Amino acid sequence: MAETEGVRTNSTLICAPIMADTVDHMLLHMNSAKPSGADLVEIRFDSLKGSGTHEDIKTLIESCPLPTLFTYRPKWEGGQYDGYEPSRLEAIRVAMEFGADHIDVELQAVDEFKNLTRGYKPTK
């Protein structure tokens with residue numbers, strides 16, 4: 001990394017993945033990410049035990065003190081989600097609508113996701 005008098009000159013950001021069994025534990029981890037030096041957090045929604053709700057997505061995104069990357073990783077891509085694929089993609093769409101700064105969509109699912117959103121992009 002190039003430095004000029006102790007100042008970073010590249011745009012590399014530190015992303016802290018947040019994985020927890022409950023929304024409350026995710027919120028605790030999110031709030032410790034910024035003082036720890038993270039620039040953004042990855043909300044690993046697939047790590048929640050049970051099925052998270054749209055209200056959980058809203059709470060996590062709106063309560064986060066840092067920009068968010070929303071990820072709902074399926075088992076076939078190394079994650080923990082093992083449910084109905086259209087429901088997973090719908091949750092990612094909802095995260096986008098609730099203001100997630102970034103969303104993570106697997107290359108294999110991009111076309112299906114684009115069909116679901118029909119080109120919708122938030123104005124954020």
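Mentor: In this predicted model, a network of salt bridges links R73, E85, R88, D104 and E106.

Trainee: What makes the contact between R88 and E85 a salt bridge?

Mentor: The side-chain N and O of R88 and E85 are 2.7 Å apart. The cut-off is 4 Å between a side-chain nitrogen of Lys or Arg and a carboxyl oxygen of Asp or Glu, so the pair qualifies.

Trainee: Are R88 and E85 buried or exposed?

Mentor: R88 is buried, and E85 is buried too. The term requires a relative accessible area under 20%.

Trainee: Which salt bridge does R88 form with E106, and what are the closest atoms?

Mentor: The closest N and O atoms of R88 and E106 are 2.9 Å apart. That value is within 4 Å, so this contact is a salt bridge as well. The pair links distant parts of the chain, with R88 in helix α3 and E106 in the loop between β6 (102-104) and α4 (110-117), 18 residues apart. R88 and E106 are both buried.

Trainee: Why is R93 called buried?

Mentor: The relative accessibility of R93 is 16%. Buried means under 20%, so R93 counts as buried.

Trainee: How do you know that E97 is partly exposed?

Mentor: E97 has a relative accessible area of 43%. Partly exposed covers the range between the 20% limit for buried and the 50% limit for exposed, so E97 belongs there.

Trainee: What makes R93 and E97 a salt bridge?

Mentor: Their side chains meet at 2.2 Å, N to O. With the limit at 4 Å, the pair therefore counts. R93 and E97 are four residues apart in helix α3, about one turn of the helix.

Trainee: How many salt bridges does the rule give?

Mentor: The count is eight. As a general point, side chains of opposite charge can pair when their charged atoms come close.

Trainee: What is the order of elements along the protein chain?

Mentor: Starting at the N terminus, the order is β-β-β-α-β-α-β-α-β-α. The protein chain has four helices and six strands.

Trainee: What share of the protein chain counts as buried?

Mentor: Of its 124 residues, 39% are buried. The protein chain exposes about 7500 Å², and carbon and sulfur atoms supply 50% of that area.

Definitions and conventions:
Residues are numbered from 1 along each chain as its sequence is written. This is a predicted model: local features need pLDDT of at least 70, side-chain atom pairs count only at pLDDT 80 or more; totals for chains, interfaces and linings use all residues. Side-chain values use heavy atoms; hydrogens and water are left out. Buried means under 20% relative accessible area, exposed over 50%, partly exposed in between (1.4 Å probe, protein chains only). Helices (H or I, at least four residues) and strands (E, at least two) are DSSP runs, numbered from the N terminus. Accessible areas come from the Shrake-Rupley method with a 1.4 Å probe; for residues, only the protein chains shown count as cover.
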